[in-house]
Amino acid sequence: MVEASTTDENLPLRRLGFLTIGLFDPADPAAGHEDTLRIIAHGEELGFDSAWVRQRHLQFGISSPVALLAAATQRTSRIELGIAVIPLGPENPLRLAEDLATVDVLSAGRLNPGVSVGTPMQWEHWKDALYPDTQDQEDFSKKRVERLLDALAGEEVSDLGGKQGVVETYSRTVQPHAPGLAGRVWYGAGSRASTEWAAAHGMNLLTSSVISAEVADDFDTNQRAQIDLYRKAFVPDPRFGAPAQTPRVSQGLCVVPTDHATPEQIRRYTAWRAERSVRDGKQFGPKKTMFAADLVGSSAQIAETLASMAAFRAVDEVAFALPFDFEAADYLQILDDIAGTLAPQLGWRPGTPAEPAAGRLE
């Protein structure tokens with residue numbers, strides 16, 4: 001177990017990331033995927049440390065983040081590429097490990113896959129297509145995560161190895177092997193039990209704008225308690241290598257700075273915020289799910305709000321979420337204001353800027 005202080009306050013923002021769902025028009029899906037790739041490249045140009053994508057099955061968002069990030073590896077050179085998150089219910093851990101390792105090799109070690117478990121969303125509507133013969137036997141528990149980590153860490157998955165016959169040579173472990181990738185796997189946790197489990201298995205923690213109200217009636221107190229619990233419970237996995245010995249926490253909130261937004265953009269952003277504000281401060285369902293308030297306003301206003309939040313003061317990595325249904329031009333303005341105005345007020349300084357990518361959105 002790693003001893004970590006839970007009283008540190010006002011940590012300077014060290015790593016700046018953003019998260020997008022990658023929406024597209026079903027009549028022209030190529031354009032939406034291309035927009036997402038250009039936005040990731042634009043983020044690298046601005047100095048962002050990471051770009052994250054969501055996964056959405058049977059919706060008009062990214063259904064195959066691994067494939068999309070494989071393309072992104074060829075358009076970027078520095079920015080880390082994350083997935084928040086891959087629900088493992090529809091996945092085979094061994095096959096997913098092969099795909100993740102391939103993308104990590106293509107990216108020269110920049111992949112940060114996040115995962116979660118549980119019964120797939122809207123399972124009753126597509127289980128016959130996904131698992132027509134085994135749906136009643138499928139195990140949606142955290143064992144799937146353990147199988148994935150084992151495969152990425154280089155544990156044997158086959159009892160056949162070496163040269164067989166004249167041509168074929170087989171490996172007992174997943175190939176390609178991507179050193180360090182197992183230590184860059186994140187767990188998307190919303191409850192204290194899942195948080196403690198992730199910590200005990202040496203995983204990094206993705207804490208987002210959704211959490212269970214288990215210790216208090218407000219979002220911030222619950223999220224700060226989650227972060228403190230994770231750091232106290234973290235146990236490094238020696239298979240993951242030295243860089244994975246320090247627990248990493250990334251906070252995902254939705255922030256929309258308006259410093260360089262047009263009056264029309266500000267009008268739409270404000271209306272969007274008002275529509276979603278009905279969830280603020282409320283608890284939903286048996287898990288008492290709470291949603292963080294979306295932050296819309298000037299960078300100075302957002303920075304002041306963030307500084308007042310106990311959970312934000314305890315992290316030095318963020319993946320600010322872009323709203324689901326905005327236009328590509330809106331995302332560019334938001335990213336420009338985050339990197340150019342908001343993040344510097346939070347203590348962040350960009351790394352080496354990337355060269356402009358071909359096909360940049362204007």
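A: R184 is buried, with a relative accessible area of 12%; buried here means under 20%, exposed means over 50%, and partly exposed is anything in between, using a 1.4 Å probe and protein chains only. For the record, a salt bridge is a side-chain nitrogen of Lys or Arg within 4 Å of a carboxyl oxygen of Asp or Glu. Helices (H or I, at least four residues) and strands (E, at least two) are DSSP runs, numbered from the N terminus.

A quick word on the ground rules. This is a predicted model, so local features need pLDDT of at least 70 and side-chain atom pairs count only at pLDDT 80 or more, while totals for chains, interfaces and linings use all residues. Residues are numbered from 1 along each chain as its sequence is written, and side-chain values use heavy atoms, with hydrogens and water left out.

Back to the charges: the structure holds 21 salt bridges. One of them joins E34 and R75, whose closest N and O atoms are 2.7 Å apart. Here too distant parts of the chain are linked, with E34 in helix α1 (residues 29–46) and R75 in the loop between α2 (65–73) and β3 (80–87), 41 residues apart. E34 is partly exposed at 23% relative accessible area, and R75 is partly exposed at 32%.

Then there's D237 with R239, where the closest N and O atoms are 3.0 Å apart. D237 is buried at 16% relative accessible area, whereas R239 is partly exposed at 33%. Elsewhere, salt bridges that share partners join R14, R15, E80, R248, D316 and E317 into one network.

α1 and α2 pack at about 50°, with axes 10 Å apart; axes are lines fitted to C-alpha atoms, for helices over the stretch in contact, and angles run from 0 to 180 degrees between N-to-C directions. α1 and α2 are therefore oblique to each other, given that angles under 35 degrees count as roughly parallel, over 145 as roughly antiparallel, 65 to 115 as roughly perpendicular and the rest as oblique. H33, T36, L37 and I40 of α1 make the contact with L68, L69, A71 and A72 of α2, contact meaning heavy atoms within 4.5 Å. By class, that's six nonpolar, two polar and no charged residues. Ala, Val, Leu, Ile, Met, Phe, Trp, Tyr, Cys and Pro count as nonpolar, Asp, Glu, Lys and Arg as charged, and the others, Gly among them, as polar.

α1 also packs on helix α11 (residues 328–345), at about 15° and with the axes 10 Å apart. That makes α1 roughly parallel to α11. The contact involves D35, I39, H42 and L46 from α1, and A328, Y331, L332, L335, D336 and A339 from α11. Sorted by class, this contact of α1 with α11 has seven nonpolar, one polar and two charged residues.
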